[in-house]
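Here is a short report for a reader new to this structure. Please look over the sequence and the model first.

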Amino acid sequence: MASLLPEGTNRVLVTGGAGFIGGAVVRRLLTGSGASVFNLDKLGYASDLSSIEQTLAALGPAAEGRHQLLQVDLANPEATAAAVAEADPDLVMHLAAESHVDRSIDGPGAFIESNVTGTFNLLQAVRAHWEALPQERQERFRFHHISTDEVFGSLGATGRFSETTPYDPRSPYSASKAASDHLLSAWHHTYGLPVVLTNCSNNYGPWQFPEKLIPVVILKAAAGEPIPLYGDGGNVRDWLYVEDHVEALLLAATRGRLGESYCVGGAGDHGSPSERTNRDVVETICGLMDQLRPQGAPHARLITRVGDRPGHDRRYAIDAAKITTELGWTPRHSFEQGLEATVRWYLEQLDWCGKVRLKAGYSGERIGNEITVAVAG
C-alpha cells in the first residue's frame with residue numbers, strides 16, 4: 001500500500017481527532033498509511049469515536065496499537081505539553097476548535113479559551129518538541145493548522161476569497177480562528193517553526209454532529225418537524241465534501257510550502273458550482289427527502305422562516321487556484337453527489353444521531369440569539 005505520508009513521517013498527532021473533520025483525517029491516516037496516529041481530543045459535546053472504532057474493527061489486527069487517544073484539553077498547558085511529548089510527532093495536524101457560530105454568540109469565552117489559548121499552548125509545546133528533535137527529524141517536521149474561510153469576513157455578490165484576502169472576522173468564532181491563524185504566522189516568523197495553514201469553506205458529509213445546517217435539515221425533515229431557515233435564506237456558502245477536504249489537508253500538510261497558506265473550497269470541474277444559498281440547500285435536501293421518504297412529501301412544506309443570526313455573513317466563496325496549481329488538488333465530488341450521499345447516510349444512521357444528541361444534551365433546538373428581520377413571503 002502506497003503511503004499518504006513521506007518516508008520517515010511515522011508518528012502523527014491529530015488534535016480534535018474525535019470531531020467531524022478530525023475524525024475523517026484520522027480514518028484516512030489509518031487506512032492510507034502505516035503511521036501511528038495520536039488523537040488529542042478533550043472529548044467535548046460534539047466528540048465521537050464511533051467512526052474511528054468502525055475503521056479499526058474493519059482493519060483488524062493490522063491496525064492494532066496504531067491509534068492512541070490522548071484525552072487532553074488544550075487549554076491546559078501542562079497536559080498539552082505532556083501529550084505532545086508522549087506522541088513524539090513527526091507531523092502535527094491541528095483541527096481542535098470550537099466551531100459553531102451560533103454557540104459562539106451565546107458563549108464567546110469558550111471559543112477564546114479553546115481556539116486562541118489552546119492554539120497558543122499547542123504552539124508552545126510543539127515548538128519545544130521541534131527544537132529538541134535530532135536534525136534529520138527536525139528538518140522533516142511540519143505543523144499544519146486547519147482554519148476557516150470565515151476569517152475573511154463577508155463577500156458581496158461577486159469575488160472570491162484567496163490567500164491574499166485581508167482578514168475581517170465578523171463573529172466571535174471567526175475572530176477566535178483569525179487570532180489562531182495570526183499566532184501560527186508569528187511562531188513561524190519569530191521562531192522558525194515549520195508551519196502550513198489552510199482555510200476551508202463549509203464542510204459537510206457523514207459523521208457531522210447534528211447541529212450544523214445540513215444534518216439539522218435532514219433530521220428535521222425525517223421527523224416531520226419545522227425546518228428553520230434564517231432570515232431570507234439568501235446567505236451563500238461554498239460547500240466542500242469532507243472527504244475531498246481531507247485529501248486537500250494531507251497534500252498541504254505533506255507537500256505545501258512552509259510558511260504558506262492554501263484556500264480550500266468545493267468548486268471543481270463538475271459542471272456546477274459549489275456555491276448555494278441556504279434556501280437552495282434546504283430545498284434540495286427536501287427534494288431528496290421526497291425521493292427517499294415519499295411518505296413525508298412534500299418536505300418543503302416544513303420550511304419555516306426564523307429571525308436571522310446576528311452579524312450573519314452574506315456570502316462566502318473560495319478561489320482554490322493556488323492549491324490546485326501547486327499541489328494538484330481538485331474536489332472529487334460535486335455538491336449534488338456529496339449531498340445525496342450525505343442525506344442517505346443520515347437516514348441510515350438515525351440511531352447514531354439520537355445517541356450523540358442525547359449524550360450532548362442537544363435536542364435539535366436552535367442555538368444563538370436571533371435578530372428581527374422583515375422578510376417577504
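## The model

This is a predicted model. Every value below is computed from it.

## Salt bridges around E275

The salt bridges come to 19. One of them joins R160 and E275. Their closest N and O atoms are 3.2 Å apart. R160 sits in the loop between β5 (142-148) and α7 (172-191), while E275 belongs to strand β11 (residues 275-277), so the bridge ties together parts that lie 115 residues apart in sequence.

E275 also forms a salt bridge with R315. Here the closest N and O atoms are 3.1 Å apart. R315 lies in the loop between β12 (303-306) and α11 (321-327), so this pair links parts that are 40 residues apart in sequence.

How accessible are these residues? E275 has a relative accessible area of 17%. The cut-off for buried is under 20%, so E275 counts as buried. R315 is buried too, at 9% relative accessibility. R160 is partly exposed, at 38%.

## Other salt bridges

R170 pairs with D168. The closest N and O atoms of this salt bridge are 2.9 Å apart. Are the two partners buried, exposed or in between? R170 is partly exposed, with a relative accessible area of 44%. D168 is partly exposed as well, at 35%.

Some salt bridges share partners. R257, E260, K322 and E326 are joined into one network in this way.

## Helix α3 against helix α5

Helix α3 covers residues 77-87, and helix α5 covers residues 108-132. Their axes come within 9 Å. The axes cross at roughly 40°. An angle of 35 degrees or less would need to fall under that limit to count as roughly parallel, and 65 to 115 counts as roughly perpendicular, so α3 is oblique to α5. The crossing is right-handed.

Which residues make the contact between α3 and α5? From α3 come P77, T80, A81 and V84. From α5 come N121, L122, A125, V126 and H129. By class, the contact of α3 with α5 holds 6 nonpolar residues, 3 polar ones and no charged ones.

## Helix α12 against helix α13

Helix α12 spans residues 335-348, and helix α13 spans residues 350-360. Their axes are 5 Å apart. The helices pack at an angle of about 75°. That angle makes α12 roughly perpendicular to α13, because the range for this class is 65 to 115 degrees.

On the α12 side, the contact uses W345, Y346, L347 and E348. On the α13 side, it uses L350, W352 and C353. By class, the contact of α12 with α13 has 6 nonpolar residues, no polar ones and 1 charged one.

## A buried lysine

Where is K220 placed? K220 is in helix α8 (residues 213-223). Is K220 buried or exposed? K220 has a relative accessible area of 14% and is buried.

Which residues does K220 touch, leaving aside its neighbours within four places in sequence? K220 is in contact with E225, P226, I227, P228, L302 and G364.

Note on methods. Residues are numbered from 1 along each chain as its sequence is written. This is a predicted model: local features need pLDDT of at least 70, side-chain atom pairs count only at pLDDT 80 or more; totals for chains, interfaces and linings use all residues. Side-chain values use heavy atoms; hydrogens and water are left out. A salt bridge is a side-chain nitrogen of Lys or Arg within 4 Å of a carboxyl oxygen of Asp or Glu. Helices (H or I, at least four residues) and strands (E, at least two) are DSSP runs, numbered from the N terminus. Buried means under 20% relative accessible area, exposed over 50%, partly exposed in between (1.4 Å probe, protein chains only). Axes are lines fitted to C-alpha atoms, for helices over the stretch in contact, and angles run from 0 to 180 degrees between N-to-C directions. Angles under 35 degrees count as roughly parallel, over 145 as roughly antiparallel, 65 to 115 as roughly perpendicular and the rest as oblique. A crossing is left-handed if the near helix is turned anticlockwise from the far one by less than a right angle, and right-handed if clockwise. Contact means heavy atoms within 4.5 Å. Ala, Val, Leu, Ile, Met, Phe, Trp, Tyr, Cys and Pro count as nonpolar, Asp, Glu, Lys and Arg as charged, and the others, Gly among them, as polar.
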